[in-house]
Amino acid sequence: MASTGLIWFRNDLRVHDNHSIRKAIVSNDRVLSVYCFDPRHFGRSDFGFRKTEKFRAQFLIDSVGQLRENLEKRNIPLFVFFGTPEDTLPHFIAKHSVQSIYLQKEWTPEETSIEKALRTSDGMQTVIWTHTYDQFLFHPEGIPFDLNNIPDVFTNFRRKCERYATIKEEVRTDDVLPEENLLPNPTQIPTLEDLGFTSFEIDPRTAFPFKGGETEAANRLQDYFWNTRNLSVYKKTRNGLIGPDYSSKFSPWLANGSLSARTVYHKIKQYEAEVEKNESTYWLIFEMIWRDFFKYISLQYDNSIFKIGGILNKDYSWSTDSDLIKDWIDGKTPERFVNANMIELKNTGWMSNRGRQNVSSYFAKHLQLDWRIGAAYFESMLIDYDVHSNYGNWMYVAGVGNDPRDRQFNIKFQAERYDTNHIFQKLWLQDQMF
């Protein structure tokens, strides 16, 4: 009997450098794929925010659309459902006699509970599950640490990984399956309206005017590296605030897996060989190691990254003052630099790294508000939301994570240093006097 494998896409929305695709093709006569727009992802969190707001929702719609197009070029159909995986997939799996499921490994509680619910559904007990660790730069099998003994200090993690770990080559996924593999597919990708939003225009001031999807990610990488060679000055410009090119802006595509960290790394190495190798080319790798670090911290500490005491289990006195929280969200605090960044986020779903550090420090250290509320708001709003980096960074800033110095940002000093002429603040605070 012909074997059928199913690729279940979650945060790996690409065809290139995807081990799940490769393994499914090698091991099966027929390969199908599926993506579920889970209604829970668009509902309310415990803190009252929509878990996914309109900016990331649209980026996700774009990404799934390009994934479907790129899979169809290889004669692999992508079936798209608006429903929970445990409700929609068992029937689909039974209908198509799926024997094996291929998926990216996830370990945070929402993802694992969904997978458990699907595994225990009727008829699922005989299905074989194959996981891949495709979201890392340094694969778990190749790092010089036990997964239960990751260093709590980033520098120690980085130095050992740079010295002893290797980064795998990209996996080949250019096989084109027979045309008969491309089954009729009546499923539709939902619209913003289907997900409960109204359509919107992109704010012309945004620093992230890009669309979601693997093709868009490849275009951005081509432009940032080869067309403009902005990679050569990344370290000098990365603390910028205005415009699309002060940083790579790869994070949204990395977050939903439209782009792999391995691809970025090997393109940097190609750039270093063909154009130049300098501190800036290294620094983009350095930032991706930070991304890996927070994934490993999440993997080690499990649910502690969501607890008020963080991974340090520290007992601070946190406030939940709703007026202070609302003023922070609406950009109505006494700090104009905080306000400008928060208004940018509300209007675009984007904020610079420099802005994120300042507004989160202000929220947790100055206002002494429960840092998890700020993290939940970022989860809702940010186009590039990644659970590990988001909660890792918020713990770090709040003093319950991986910052050995437990520092606090001087907002006025930061504003003068990074927005000396108030150009950024004027851009977003057009109704305020300077």
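This is a predicted model: local features need pLDDT of at least 70, side-chain atom pairs count only at pLDDT 80 or more; totals for chains, interfaces and linings use all residues.
**Salt bridges, cores and a helix**

Colleague: I see that aspartate 175 and arginine 172 form a salt bridge, with their closest N and O atoms 3.7 Å apart. How should I read that pair?

Modeller: In general, side chains of opposite charge can pair when their charged atoms come close. Here, 3.7 Å separates the closest N and O atoms of aspartate 175 and arginine 172, and the cut-off for a salt bridge is 4 Å. Arginine 172 is partly exposed, at 46% relative accessible area.

Colleague: Which parts of the chain does the pair of aspartate 175 and arginine 22 link?

Modeller: First the pair itself: aspartate 175 also forms a salt bridge with arginine 22, where the closest N and O atoms are 2.6 Å apart. This pair links distant parts of the chain, as its residues are 153 apart: arginine 22 lies in helix H1 (residues 19–27), and aspartate 175 in the loop between helix H5 (154–164) and helix H6 (214–227). Arginine 22 is partly exposed, with a relative accessible area of 21%.

Colleague: Is aspartate 203 buried or exposed?

Modeller: Aspartate 203 has 13% relative accessibility, so it counts as buried. Its side chain meets that of arginine 205 in a salt bridge of 2.9 Å, N to O, and arginine 205 is partly exposed at 23%. Elsewhere, shared partners join Arg14, Asp17, Asp134 and Arg262 into one network of salt bridges.

Colleague: How many salt bridges does the structure hold?

Modeller: The total is 25.

Colleague: On to the nonpolar side. Which residues touch the most other members of the largest nonpolar core?

Modeller: The general idea is that in soluble globular proteins, nonpolar side chains tend to be buried together. In this model the largest nonpolar core has 90 residues, and Phe225, Trp328 and Trp371 touch the most other members. Helix H10 (residues 279–301) gives the most to this core, with 12 residues. Leaving aside residues up to four places away in sequence, tryptophan 371 touches residues including Trp318, Phe363, Tyr391 and Trp394. There is also a second, separate core of 25 residues, with Ala57, Val64, Leu177 and Leu195 among them.

Colleague: Why would one call helix H2 largely enclosed by the rest of the structure?

Modeller: Because 14 of the 19 residues of H2 are buried. You can check the length of H2 (residues 54–72) too: at 1.5 Å a residue it should span 27 Å, and its end C-alpha atoms are 27 Å apart, which agrees. For reading any such α-helix, remember that it has 3.6 residues a turn, so residues three or four places apart point the same way.

Definitions and conventions. Residues are numbered from 1 along each chain as its sequence is written. Side-chain values use heavy atoms; hydrogens and water are left out. Helices (H or I, at least four residues) and strands (E, at least two) are DSSP runs, numbered from the N terminus. Buried means under 20% relative accessible area, exposed over 50%, partly exposed in between (1.4 Å probe, protein chains only). A nonpolar core is a set of buried Ala, Val, Leu, Ile, Met, Phe, Trp, Tyr and Cys residues joined through side-chain atoms within 4.5 Å. Contact means heavy atoms within 4.5 Å. The expected span of a helix is 1.5 Å times one less than its number of residues.
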